[in-house]
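Dear colleague,

Here is the structure I said I would pass on. My notes follow below it.

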Amino acid sequence: MKRLAALIALAGAVAALPGCALRPLYADGGAGSVASSLRAVEVAPVGGQSGWLIRNALNDRLHRQGETTPRFRLEVELDDQITGFGIRQDNAVSRERRTLRARYRLLDAATGGVLLDQTAAADAGIDVTGSEYSTVAAEQTALERLTENLADQIVARLATYAGRSAGQ
């Protein structure tokens with residue numbers, strides 16, 4: 001009897017699902033409104049090595065090949081900091097934290113109006129070793145991972161915005 005009641009409740013819940021506002025973001029794949037909106041985003045140049053990395057990561061994720069006239073412009077400002085926080089008895093740093101923060105704005109290319117103004121952040125821990133080369137290599141690898149992480153966050157938020165805008 002309990003199984004039958006549980007089965008009926010489950011069937012009722014499944015039947016009620018189409019009534020909710022839940023829709024897949026990329027429902028129509030590459031031909032959908034979200035994907036075409038993302039392809040219409042032009043990423044403005046960002047200064048420095050971290051800027052070059054984030055811009056390339058964003059362009060890869062937006063699938064922008066320059067075939068369409070941009071409807072949107074994405075401006076990104078980065079703040080990259082390395083902080084030593086593990087101190088040994090000889091006052092040498094043994095651990096660092098690299099933090100990369102991005103403030104980004106999505107602008108309407110035609111009017112210049114701000115459509116979205118948000119921030120994203122990521123951090124990574126770095127072990128400082130006796131070898132300066134390995135520490136610099138670890139800092140560089142951390143920067144590459146952080147830019148990939150930020151690009152994922154930014155594109156996910158842009159896709160959410162595009163999905164909500166298309167639904168209005």
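**Salt bridges and the core**

R97 is partly exposed, with 39% relative accessible area. Please keep in mind that this is a predicted model.

The side chain of R97 forms a salt bridge with that of D123, with an N to O distance of 3.2 Å. D123 has a relative accessible area of 46%, so it counts as partly exposed, the class between 20% and 50%. Strand 4 covers residues 114-127. Setting aside neighbours within four places in sequence, D123 is in contact with R97, R98, T99 and L146. The C-alpha atoms of D123 and A142 are 8.4 Å apart, and these two residues are 19 apart along the chain.

A second salt bridge joins the side chains of D117 and R103, at 2.7 Å from N to O. D117 is in strand 4 and R103 in strand 3, so this bridge ties together parts 14 residues apart in sequence. Both ends are partly exposed: D117 has 39% relative accessibility, and R103 has 35%. There is also a network, in which salt bridges with shared partners join E42, R73, E75, E77 and R105.

The side chains of R61 and E148 meet at 2.4 Å, N to O. R61 is in helix 3 and E148 in helix 4, and the two are 87 residues apart. R61 is partly exposed at 23% relative accessible area, and E148 is partly exposed at 34%. The structure holds 12 salt bridges. As a general point, side chains of opposite charge can pair when their charged atoms come close.

The largest nonpolar core has 33 residues, and L58, L74, I154 and L158 have the most contacts inside it. The elements that give two or more residues to this core include helix 2 (33-39), helix 3 (48-62), strand 2 (72-87) and strand 3 (93-108). Helix 4 gives the largest share of the core, 10 residues. In soluble globular proteins, nonpolar side chains tend to be buried together.

L74 shows what such a residue touches. Not counting residues up to four places away in sequence, the contacts of L74 include V41, V43, A44, L58, Y104, L106, I154 and L158.

Regards

Definitions and conventions: Residues numbered from 1 in each chain as written. Predicted model: local features only at pLDDT ≥ 70, side-chain atom pairs only at ≥ 80, totals over all residues. Heavy atoms only, no water. Helix = DSSP H or I, 4+ residues; strand = E, 2+ residues; numbered from the N terminus. Contact = heavy atoms within 4.5 Å. Core = buried A, V, L, I, M, F, W, Y, C linked by side-chain atoms within 4.5 Å. Buried < 20%, exposed > 50% of the residue type's maximum accessible area, 1.4 Å probe, protein only. Salt bridge = Lys/Arg side-chain N within 4 Å of Asp/Glu carboxyl O.
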